[in-house]
Amino acid sequence: MTTDLPPPHRIVILGGGTAGWLAAAWLCRALQMPDVTLVESGDIGIIGVGEGTFPTIRTTLAALGIGEAEFLVRADATFKQGVLFEGWSTGTDSYFHPFNLPVGGEDEALLPHWIADADPRRPAWADAVTVQEQVIRAGRGPKRPGDPDFSGPMNYAYHFDAPRFAAYMRDISIAAGVNRIEGTVARVERAEDGDIAALVLEDGRRVEGDFFLDCSGFRALLIGRELGAAFTSCASALFNDRALAVQVPYPSPEAPVRPYTLATAHEAGWTWDIGLTERRGVGYVYSSRHASQDEASATLHAYVGAKDGSLDPRLLKFECGYRETQWIGNCVAVGLSAGFFEPLESTGIMLIEAALKKIGDFLVPGDRTARNAAARSFNRLMAGRFERIVHFLKLHYCITRRTDTAYWRDNADAASVPEPLRDMLVQWRYRAPSRFDFLVDLETFLPPSYHYILYGMGFATCLPADVARHPGAAEARSTFARVRAAHAGACAALPDHRALLDHYRRQA
Ligand code: FAD
């Protein structure tokens with residue numbers, strides 16, 4: 001059976017940041033929508049941060065039909081294989097959250113054997129089940145020059161320059177027929193049924209549409225100001241609400257480029273340190289309740305190794321939270337207008353990708369009843385996804401053993417931990433997390449990521465004494481030995497990260 005009803009024909013995107021231009025590229029190139037208009041304001045500009053991504057970006061880029069070499073060069077991108085956390089548990093510890101799944105995939109059979117192993121020389125969990133930590137510590141890229149686009153032996157994402165990425169998405173969208181309008185929206189016209197009918201620009205121009213994507217950033221001009229979707233704050237769990245960001249040049253053009261994000265804990269927050277080809281992007285994300293801007297600036301200077309006052313960091317203010325209703329009538333929010341937590345684990349761009357993929361599935365021909373039902377489904381799924389990310393991010397903080405500052409003590413205070421996470425943590429003292437603790441389809445971070453954080457942070461699970469006799473002990477020992485034996489070979493088989501980037505630069 002087929003339907004004669006057309007899908008919404010004229011799509012209007014408000015905003016030309018990462019969300020807006022990635023949406024435009026997705027609609028015109030992946031979904032082949034013929035009538036897409038994007039309105040952006042040069043006066044307002046874009047947020048221009050957001051350099052770390054998640055492995056889903058590879059399938060997104062591949063679906064846009066672009067080549068990996070071209071993308072790497074246009075967006076000044078580098079490879080990211082996970083996040084190295086320094087000082088989060090005790091202040092002097094270090095652990096890696098790799099993108100690789102543990103050997104054996106999501107099968108959890110190995111974990112009890114690792115937990116039960118009392119040998120003090122036991123490797124860290126991530127190191128016991130994947131070679132990726134050794135690979136990044138050796139400065140290797142995730143793939144070899146001849147590997148196909150967007151795949152390689154290691155799981156990976158990218159770091160990129162946010163304005164350059166947005167400009168690249170803009171160019172491919174315009175080449176594919178997207179209509180770009182420069183101007184600032186002054187007001188919104190509504191139809192009788194409450195739908196948005198048109199955006200009216202300051203100079204009086206009207207931009208009509210059948211369906212609108214609100215990619216207007218923190219302003220949330222359509223979904224928030226016009227349509228009134230409420231903002232749910234997560235600040236009681238996720239305290240960070242400020243970032244000071246700087247760009248740091250390399251000492252020489254040949255300096256190594258880290259193939260991972262370095263996330264270092266400080267007194268009242270943490271720094272991200274991201275290696276691009278020509279510079280590092282560094283930022284101190286902190287809680288304004290726990291540090292003044294001067295204190296935060298001093299921390300950033302000390303981290304970068306710069307003389308006090310010699311940097312001119314950019315201050316960004318935000319509140320962690322999201323809108324439970326992201327799709328109302330003929331308008332859906334994508335990007336910062338829908339919500340934002342903090343840069344930890346790079347969820348911003350990944351949530352844009354998740355929204356776009358759902359919009360592609362849900363924005364099909366149908367009557368108003370079907371569209372309203374699609375909106376409710378979308379809202380349930382996206383709100384569920386945002387809520388679960390809060391739990392995963394809070395996990396990084398609440399199991400800390402640091403007590404040196406109020407920031408870390410407050411983060412470990414059970415009152416700041418959402419109840420579902422608290423319930424899990426109590427149980428995980430006596431059993432390892434299993435996939436049945438999660439509604440896996442709503443999770444961005446699957447159980448292996450929880451394992452990497454929990455056991456990387458030194459969380460203690462006390463298994464029943466007879467777990468050592470758990471079936472599969474001999475197989476587990478031999479799997480751990482196999483991973484250990486593969487370390488050196490993996491590092492030898494993969495190229496130096498900068499050499500790999502140079503290879504793509506020559507190819508583009
Ligand atoms: P913006 O870039 O702010 O774009 C908004 C657009 O709307 C602009 O073009 C603006 O001109 C336009 N606009 C607004 N009002 C009007 C108007 N009235 N008329 C016309 N146009 C208008 N995400 C990650 O995935 N990884 C990270 O590492 C990461 N780090 C971050 C660090 C910080 C400190 C912050 C704050 C965010 C970070 N993010 C990160 C989130 C990421 O930056 C955003 O998800 C991403 O940039 C998308 O932003 P956006 O397009 O929604 O908004």
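**Briefing: a ligand shell and an open sheet**

Helix α1 gives the largest share of the shell around the ligand, three residues. This is a predicted model, in which local features need pLDDT of at least 70 and side-chain atom pairs count only at pLDDT 80 or more, while totals for chains, interfaces and linings use all residues. Residues are numbered from 1 along each chain as its sequence is written.

**Confidence**
- The chain has an average pLDDT of 94, and 98% of its residues score at least 70. pLDDT is the predictor's confidence in each residue, from 0 to 100.
- For the complex, the predictor gives an ipTM of 0.99 and a pTM of 0.96.

**Around the ligand**
- The ligand is surrounded by 38 residues. A residue is near a molecule if its C-beta atom, placed from the backbone, lies within 6 Å of it.
- The closest are Gly17, Gly50, Gly217, Gly335 and Gly348.
- At least two shell residues come from each of α1 (18-30), β2 (36-40) and α10 (348-362). Helices (H or I, at least four residues) and strands (E, at least two) are DSSP runs, numbered from the N terminus.
- The shell holds 18 nonpolar, 17 polar and three charged residues. Ala, Val, Leu, Ile, Met, Phe, Trp, Tyr, Cys and Pro count as nonpolar, Asp, Glu, Lys and Arg as charged, and the others, Gly among them, as polar.

**The seven-stranded sheet**
- Seven strands form an open sheet with mixed pairing, in the order β5-β4-β14-β15-β16-β13-β17. Two strands pair if DSSP finds at least two bridges between them.
- β5 (94-98) and β17 (314-317) are the edge strands, each pairing on one side only.
- Neighbouring strands are turned by 20° against each other on average, direction ignored. Axes are lines fitted to C-alpha atoms, for helices over the stretch in contact, and angles run from 0 to 180 degrees between N-to-C directions.
- β4 (residues 82-86) pairs with β5 in the antiparallel sense, over five bridges. Glu86 has Ser94 in β5 as its bridge partner.
- Helix α14 (residues 447-456) lies across β4 and β5, at about 180° to β5.

**Ala176**
- Ala176 sits in the loop between α7 (162-175) and β7 (179-182).
- Ala176 is partly exposed because 18 other C-beta atoms lie within 10 Å. The cut-offs are 20 or more for buried and 12 or fewer for exposed, with partly exposed in between; C-beta atoms are placed from the backbone.
- Beyond its neighbours within four places in sequence, Ala176 is in contact with Cys28 and Arg29. Contact puts the C-beta atoms of two residues, placed from the backbone, within 7 Å.
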